[in-house]
Amino acid sequence: MPLSISIPTVSLAALLAALAVAPAAADTTAAQTAAPAVPAMETPLVSPNSGVVSLALTGVDPALRAFYSARLDAPVWHSGETWVAEAAPLLAVLAAAADHGLDPADYLPLPPAAVLTAAPSDQFDVALTDALLRYVADVTGGRIAPESRPGHRYPHGVPQREATAAGLLAQALAAPDPAAALAALQPADPSYGRLKSLLADLRRQKAATGGWPVIPAGPSVREGDGDPRLALMQASLVLHGDLDPAQAQRSPTVHDDALVAALKRFQARHGITVDGILGGDTVKTLNTSLDERITQVVANLERLRWDPPLPRTGKVIEVNVPEYRLTAYDDGAPALDMRVVVGTDDNRTPLFTDYMDDVVLNPTWTVPYSIAREEILPKLRADPAYTIGQNMDIFASWSHSAPVVDPWSVDWLAVNGRNMPYRFVERAGPGNALGRVRFSLNNDFAIYLHDTPAKSKFDRPHRAYSHGCVRVGDYDALLGFVAGDQADRLRGLLDTGRTMTMKLPRNVDVRIVYHSAWVDELGTAHFRRDVYGLDPEVAQRLREGSRGLIALKRQDVGLK
């Protein structure tokens, strides 16, 4: 049932005036950029018989003030001296915030029963509504403010939300079942619901077992080998869900077919070499604790709340850094999939959303200043002919009209790396660091996608080797995807060997994301190594304290 309300007798002029001053408010997170207002006509304008809470709204957050203004300052939680019937299920939604990997104490630092046994008041009403607004904002757009999100950058400004927390909450409260409508507010991506279910499963397993067994280090165990650690490995595979308990032996002494098959399933789900061998990398992955996996899932739920929904029209390229994989979508459907190489931990690939509007065929490579200083200068000091062997030109400055410099004419030992004037450009060719095609992006930190002559890196399970840009495993397939019916023409131009910048028929959205845990459409859980160590950082920021909005205190309900 919707919240019990009645509309007071007011003049049309008063209604119009109220609508004019009650647009949907900005998100309740202070640092969040304001989103487009929800049209006032979509916000129910109601006021119960119990009166108004105007006096309790002094000095509150503008979003909270606007929310109550849209309902003529009507209470949400009580009618006179009585809690409304919907109060208990609404409080239950806040108490269940842990299902999303959020802390219920951020919204309701008291048990729902303690709230409902207290006498309702206007101040209580405002505090609880503030908690609802914060919950809606967090579950639909993320708790961590954009500028504090680990690894993220915004080349085109902080993204705006399509709907504000105030507008979404107003719609939920007007629904036939407000609590159900509120509980349904979460990212529309089906992977979010699947990841929530995985979090619940892992927490149940933690409560039942206390954790997964730890396997000691030792020599590699191949099919047919015996090893005293096989019992621990078997127990771990059962708990991870990769070995049917019915296939488990009482005391395994041989790494048999069933154990090998189960271990391969585990390896495939975790992005490590699938060989069925109990080796060092596999032991390390099996020994990742249950608590660490729970932290990963919590962090990835938060990331999914940041991500805008995948467009249903047009072309989108998504690079998942921990998976070392690129997936291209055409009108919302997967169209292309390939391995990629991403930045090292010291040269991290940033996480951002951008667009591609051109490609460079047979590109040259202008060496970034940091690489020139840290890598090329030491080599020139040892051998001034180094750049000649690397098919590289040296220019006197970064000006486009700068002359070419003979490397033998410079005393490289005397060059100061902190203010070195020279610009280094690798000529186009088969050994060029960018390969045959550069897929340009539009950001000011010089990150883009490109081919590479270093093909062997794509055969490795962990592929963090670049200086930050994304190396693609199949440049020709990606060129075909982004260029569409112009691809064959571009391939012909590519074969001329000339350096050319070519506009694409239409822009292609590009997203660099960081999903280290997910559940696929078949219900299989996947984990990847947290290559940049961002998962604990996200989890820590989720645990950080209140954002300075109204706090509900125990003394507000007569508790000590």
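Mentor: D330 stands opposite A333 in β5. The model is predicted, with residues numbered from 1 along each chain as its sequence is written; local features need pLDDT of at least 70, side-chain atom pairs count only at pLDDT 80 or more, and totals for chains, interfaces and linings use all residues. Side-chain values use heavy atoms, with hydrogens and water left out.

Strands are DSSP runs of E with at least two residues, helices are runs of H or I with at least four, and both are numbered from the N terminus; two strands pair if DSSP finds at least two bridges between them. β4 and β5 make a hairpin with two residues between them, and D331 in that turn has a positive phi of about 55°.

β4 (residues 325-330) also pairs with β3 (residues 315-320), again in the antiparallel sense and over six bridges. In this pairing V319 is opposite L326 in β4. These two strands likewise form a hairpin, here with four residues between them, and Y324 in the turn has a positive phi of about 55°.

The "active site" annotation of an unreviewed UniProt entry covers H450 and C469; UniProt positions are given in the numbering used here, feature names are shortened, and annotations may be inferred rather than shown by experiment. The two residues span 20 residues in sequence, yet no two of their C-alpha atoms are more than 7.6 Å apart, so they gather at one spot.

C469 lies in the loop between β12 (464-466) and β13 (470-472). Leaving aside neighbours within four places in sequence, C469 contacts V341, V342, G343, T349, A446, I447, Y448 and H450; contact means heavy atoms within 4.5 Å. With a relative accessibility of 12%, C469 counts as buried (buried is under 20% relative accessible area, exposed over 50% and partly exposed in between, with a 1.4 Å probe and protein chains only).

H450 is placed in strand β11 (residues 449-450) and is buried as well, its relative accessible area being 6%. Its contacts, with neighbours within four places in sequence again left aside, include C469, V470, R471 and V472, and also A433, L434, V437, R438 and F439.

Another sheet deserves attention. Three strands form an open sheet in the order β7-β9-β8, with antiparallel pairing. β7 (365-366) and β8 (392-395) are its edge strands, each pairing on one side only. Two bridges join β7 to β9 (residues 423-426), and T366 is opposite V425 in β9.

W412 sits in the loop between β8 and β9. At 3% relative accessibility, W412 is buried. Beyond its neighbours within four places in sequence, W412 is in contact with L377, L380, R381, P384, I394, P407, Y422 and F424.

L169 and A172 are among the buried residues of α6. Eight of the nine residues of this helix (165-173) are buried, and these pack against α2 (62-70), α3 (87-95), α5 and α7 (178-183).

For the whole chain, there are 17 helices and 16 strands, and 49% of the 560 residues count as buried. Of the contacts with a separation of 6 or more, 71% join residues 24 or more positions apart.
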